[in-house]
Amino acid sequence: MCKGLAALPATCLKSAKDMKHRLGFLLQKSDSCDYSSSQGKKEKISSSQRLSQEEVRKWADSLENLIHHDRGLAAFRAFLKSEYSEENIEFWVSCEEYKKTKSPAKLSPKARKIYDEFISVQATKEVNLDSCTREKTSHNMLEPTLSCFDEAQRKIFTLMEKDSYRRFLKSPYYLDLVSPPGAGCGPENCKRNHIHTLDCNSNIISQCA
């Protein structure tokens, strides 16, 4: 008959306890390795999301480079929002999305939504278009096509390029990103020496969330 653990020799009990202790240690080590691996993956993801100085400097080459980069577009949007003029970039983005429409049946309702929001006399976010372009775009609403906003979009792009884009390049929204960490403390750098990273979670980008 089995008399339980009490019947086992003391040496056997000690060996069993030692083995239990070792198994517990190995399980803790395994958990620790899993956690370290997880942290390593997070660090790699964070690193891949960083902006390079070269990328940011390219934004100064042209407005096209800026707004075709996700974080460049986000920074520009934040700047325009600070000037209460974000309707221009919102209209441009809406036109880009509209041109990706696959279904012909969706063209008319989408076109009408953009027109009512940005171009009509009662538009909630009316953009600055000359009367000729506005009239032509209004006529295009009779039979909307993928190109019905092209001229208006070009006008707004040119307007941003000549005006708000130039101001953006001189603003902290751009300069805080393009100034390398540890740069000299000139008048401009002293104002922005609190920003030392180009992480995607920077203060500038986070304003567009």
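**Aromatic pairs and a buried helix**

In this predicted model, Phe-149 is buried, at a relative accessible area of 2%.

Q: How many residues apart in sequence are the parts that the pair of Phe-91 and Phe-149 ties together?
A: Phe-91 belongs to helix α5, whereas Phe-149 sits in the loop between α7 (131–140) and α8. The pair therefore ties together parts of the chain whose separation in sequence is 58 residues.

Q: Which residues of α5 are buried?
A: Helix α5 covers residues 87–98, and its span of 16 Å from first to last C-alpha is close to the 16 Å expected. Of its 12 residues, 9 are buried, so the helix is largely enclosed by the rest of the structure. What covers these buried residues includes α3 (63–67), α4 (70–82), α6 (104–118) and α8 (150–162). The buried residues are Glu-87, Asn-88, Ile-89, Glu-90, Phe-91, Trp-92, Val-93, Cys-95 and Tyr-98.

Q: What is the angle between the planes of Phe-76 and Phe-168?
A: A search of the whole structure gives 7 aromatic pairs. Phe-76 and Phe-168 form an edge-to-face pair, with 5.4 Å from centre to centre and an angle between the planes of 80 degrees.

Q: Which helices hold Phe-76 and Phe-168?
A: Phe-76 is buried at a relative accessible area of 0%, and Phe-168 also counts as buried, with 0% relative accessibility. Their pair ties together parts that are 92 residues apart in sequence, because Phe-76 lies in helix α4 and Phe-168 in helix α9 (residues 164–169).

Q: Which residues form one aromatic cluster with Phe-76 and Phe-168?
A: The pair of Phe-76 and Phe-168 is edge-to-face, and both residues belong to one aromatic cluster.

Q: What percentage of the contacts with a separation of 6 or more is between residues 24 or more positions apart?
A: The protein chain is built with 12 helices and 0 strands, and buried residues make up 33% of its 209 residues. Among the contacts with a separation of 6 or more, the share from residues 24 or more positions apart is 62%.

Technical notes. Residues are numbered from 1 along each chain as its sequence is written. This is a predicted model: local features need pLDDT of at least 70, side-chain atom pairs count only at pLDDT 80 or more; totals for chains, interfaces and linings use all residues. Side-chain values use heavy atoms; hydrogens and water are left out. Helices (H or I, at least four residues) and strands (E, at least two) are DSSP runs, numbered from the N terminus. Buried means under 20% relative accessible area, exposed over 50%, partly exposed in between (1.4 Å probe, protein chains only). Contact means heavy atoms within 4.5 Å. The expected span of a helix is 1.5 Å times one less than its number of residues. Rings of Phe, Tyr and Trp (its six-membered ring) pair if their centres lie within 6.5 Å; planes under 30 degrees apart count as stacked, over 60 as edge-to-face and the rest as tilted.
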